[in-house]
Amino acid sequence: MINKFLGFEPDKEKLPSLTAKIGDDIDLSSHKYQKIWLGPNHPGVTGNMSVELWVQGNTVVKAKTHVGYLHRGFEKLIERRLFVQGFPTSIRMCVAEPDTNEYLIATCTEQLSGYDKAVPEMAKWLRMLSLEMARLQGLLRGVPGQGGTFALGLGVQWGVYLRDLILDRFEELTGARVYHMYIIPGGVRGLLPDGFKERMEDNLRDIDDFIIRIRRLMFHNSVFKKRAKGLAIVTPEMVDKYGIVGTTARGCGVKRDVRKDDPYLHYEQLDFDPPTDTDGDVYARTWVRWQELIQTVDLIRQIMAKMPDKGDIKTPMPNVLHWKIPKGETYVRLESGRGEYGMYYVTDGSDKPRRVNLRGPSYTHAIALLEDLLVGADVADVHGIMVSLQTCPPEIER
Amino acid sequence: MKELINKLSKDFNITDAVYQRPSLTFVTVPKGVAISLVTDLRDYEGYSHFVMMSCVDWIEEGKFQLLYLLHNPETKTDIGVKTFIDRENAEMASAHHLWKQVWTYQRELKEAFGIDFPGSPRVDEDFVVEGWVEMPHMRRDFDTKEYSENTYFPRPGRETNDPATYMRKKLYPNEPITAKKQDNDK
């Protein structure tokens with residue numbers, strides 16, 4: 001990295017060629033390679049996962065992602081519980097944006113039990129507000145966090161402070177800061193408290209300032225530019241090949257957004273166009289997320305302006321202790337801050353689900369894609385690449 | 001979607017089609033043609049995005065249900081290709097050559113359900129449960145509670161109390177607990 005910054009290229013002629021056969025036959029006893037572990041306990045690693053790296057000098061020649069440090073068997077646990085008991089378990093499958101799990105599991109159960117058409121309008125708007133607030137708090141951590149991986153820690157402190165303000169709004173809306181259990185089968189748990197919109201607007205104004213400041217701090221910063229430009233390029237051809245979704249796909253010009261492609265709730269009533277870029281590198285992905293930050297603030301304002309002031313928030317549902325759902329299966333998806341996030345849900349006519357399978361973007365981004373993108377990268381850029389793919393281990397080892 | 005399913009039925013022996021919603025259809029095919037159908041959908045019908053691969057354990061029927069869920073970014077529709085394989089000596093042809101991330105799913109299914117995918121890269125490597133020696137943990141007959149009790153109990157401070165019975169003992173320590181009261185507690 002430092003060589004790149006100084007414009008100095010070391011003489012690597014005497015080293016084995018990096019294009020030589022790499023893979024399982026790397027001979028560590030040749031003393032030309034070294035194996036190092038990044039994580040699972042490392043501040044640069046996104047959660048509890050580790051990457052096993054084979055390096056030659058500073059250059060990664062092979063990488064393997066290892067997960068399993070966090071495995072709590074959520075899918076299995078949900079199979080052994082009543083439908084409603086699956087909720088507190090499911091929200092922990094993605095810590096970064098737990099509300100997405102609430103929406104998915106609620107919608108799956110509603111679809112399979114025939115209640116999906118009965119969800120009140122007000123509840124749909126509140127669900128949308130909750131999901132966009134979740135996206136916002138994720139972006140407030142994620143956008144400056146990308147700078148943090150390149151030693152630009154100041155923005156992270158700004159972002160974490162503002163994220164806390166959004167968690168304050170979550171607390172008054174739902175009673176909890178991180179795991180909300182707000183979206184439930186049939187609707188949501190509560191209306192907006194008095195004065196919520198005004199307090200949210202105050203927070204959004206602070207975030208408007210932050211958006212300008214973070215732009216100056218990161219995107220006008222020569223170190224960030226030098227390190228992020230041209231790093232870990234994802235091309236449009238790779239998108240389908242690897243199953244790339246969300247801002248990682250949009251960063252290389254492939255405009256995919258579930259909110260537009262397969263609108264759910266009332267997204268078709270909102271005016272927005274998912275941002276894209278063309279370069280596909282870490283800089284482009286971060287730039288797209290920065291633009292998405294602006295867009296999310298705007299969407300929250302639109303939702304608060306368009307939503308009704310009052311209305312039913314929940315349709316009557318069967319007694320949750322005796323709730324049985326007919327045999328069936330479905331797949332429900334939404335656009336999380338990291339991309340397409342879906343749930344495959346199977347019922348067998350009993351009072352418990354037969355199978356629950358979460359599809360998170362990290363499943364492909366953090367394993368097949370990350371392992372390939374790291375080959376040839378500088379070891380100091382590994383964190384930057386990992387964060388730019390928005391890897392989230394809990395959604396891999398559900 | 002129905003037109004497409006009718007067209008595919010001629011070549012791929014589709015035994016069942018469920019139209020879950022206008023944009024989502026599940027089709028069932030025999031084990032031998034599943035990969036061919038998935039390949040055809042990818043190469044000729046525009047289902048280029050591999051959403052996920054999953055498995056359901058229908059233990060009562062002695063079958064595993066494998067699912068390949070594909071998405072068409074142009075038509076914004078999904079097709080779930082399902083096939084059933086025997087639980088005993090479960091094995092399925094690998095699809096790792098079609099998409100880069102498929103081997104990860106197959107590696108997880110080998111570990112979690114014990115389904116083998118011969119030829120799939122790193123299929124025998126541990127995924128999330130390193131050093132696991134019990135039966136594959138996502139099979140229906142793997143009893144998580146029994147496993148926990150055998151592995152982690154008894155341990156000081158880990159006693160489990162029924163809340164109602166516990167409160168009764170605390171509040172009325174001298175009152176005998178009758179069978180009727182125990183039933184009421186439940």
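Two residues are in contact when they have heavy atoms within 4.5 Å of each other. By that rule, Arg250(A) touches a set of residues that includes Lys255(A), Pro275(A) and Glu292(A), leaving aside residues up to four places away in sequence. The model is predicted.

- Arg250(A) sits in helix α10 of chain A, which covers residues 246-250.
- Is Arg250(A) buried or exposed? Its relative accessibility is 0%, so Arg250(A) counts as buried; the cut-off for buried is under 20%.
- Which side chain makes a polar contact with the side chain of Arg250(A) at 2.4 Å? That partner is Glu292(A).
- A backbone atom is involved as well: the oxygen of Pro275(A) lies 3.4 Å from a polar atom of the Arg250(A) side chain.
- Gly190(A) is 60 residues from Arg250(A) along the chain, and their C-alpha atoms are 35 Å apart.

**Where chain A meets chain B**

- The contact draws 45 residues from chain A and 46 residues from chain B.
- The size of an interface is often given as the accessible area lost when the parts come together.
- Chain A and chain B bury about 3,800 Å² between them. Carbon and sulfur atoms give 50% of that area.
- How many salt bridges are counted between chain B and chain A? The count is 8.
- One salt bridge joins Arg354(A) to Glu60(B), with the closest N and O atoms 2.4 Å apart.
- The side of chain B that touches chain A divides into 22 nonpolar, 11 polar and 13 charged residues.

**The two domains of chain A**

- Chain A is assigned domain 1 (2-66) and domain 2 (74-395).
- Their centres, taken over C-alpha atoms, are separated by 32 Å.
- Domain 1 of chain A puts 23 residues into the contact, and domain 2 of chain A puts in 20.
- The two domains of chain A bury about 1,700 Å² between them, 67% of it on carbon and sulfur atoms.
- The salt bridge count between these domains of chain A is 0.
- Polar contacts do cross this interface: 5 residue pairs are found, both residues at pLDDT 80 or more.
- On the domain 1 side, α1 (2-6), β1 (34-38), β2 (50-56) and β3 (59-66) of chain A each supply at least two residues.
- Which element gives the most to that side? β3(A) does, with 7 residues.
- The domain 1 side of chain A divides into 12 nonpolar, 8 polar and 3 charged residues.

**The two domains of chain B**

- Chain B is divided into domain 1 (2-153) and domain 2 (162-186).
- The C-alpha centres of these two domains of chain B lie 48 Å apart.

Methods:
Residues are numbered from 1 along each chain as its sequence is written. Chains are lettered from A and ligands numbered from 1 in the order in which they are written. This is a predicted model: local features need pLDDT of at least 70, side-chain atom pairs count only at pLDDT 80 or more; totals for chains, interfaces and linings use all residues. Side-chain values use heavy atoms; hydrogens and water are left out. Helices (H or I, at least four residues) and strands (E, at least two) are DSSP runs, numbered from the N terminus. Buried means under 20% relative accessible area, exposed over 50%, partly exposed in between (1.4 Å probe, protein chains only). A polar contact is a pair of N or O atoms within 3.5 Å; within protein, one must be able to donate a hydrogen and the other to accept it, and residues adjacent in sequence count only if both atoms are side-chain atoms. Buried area is the accessible area (1.4 Å probe) that two parts lose on being put together, summed over both. A salt bridge is a side-chain nitrogen of Lys or Arg within 4 Å of a carboxyl oxygen of Asp or Glu. Ala, Val, Leu, Ile, Met, Phe, Trp, Tyr, Cys and Pro count as nonpolar, Asp, Glu, Lys and Arg as charged, and the others, Gly among them, as polar. Domain bounds come from an automatic or database domain assignment.
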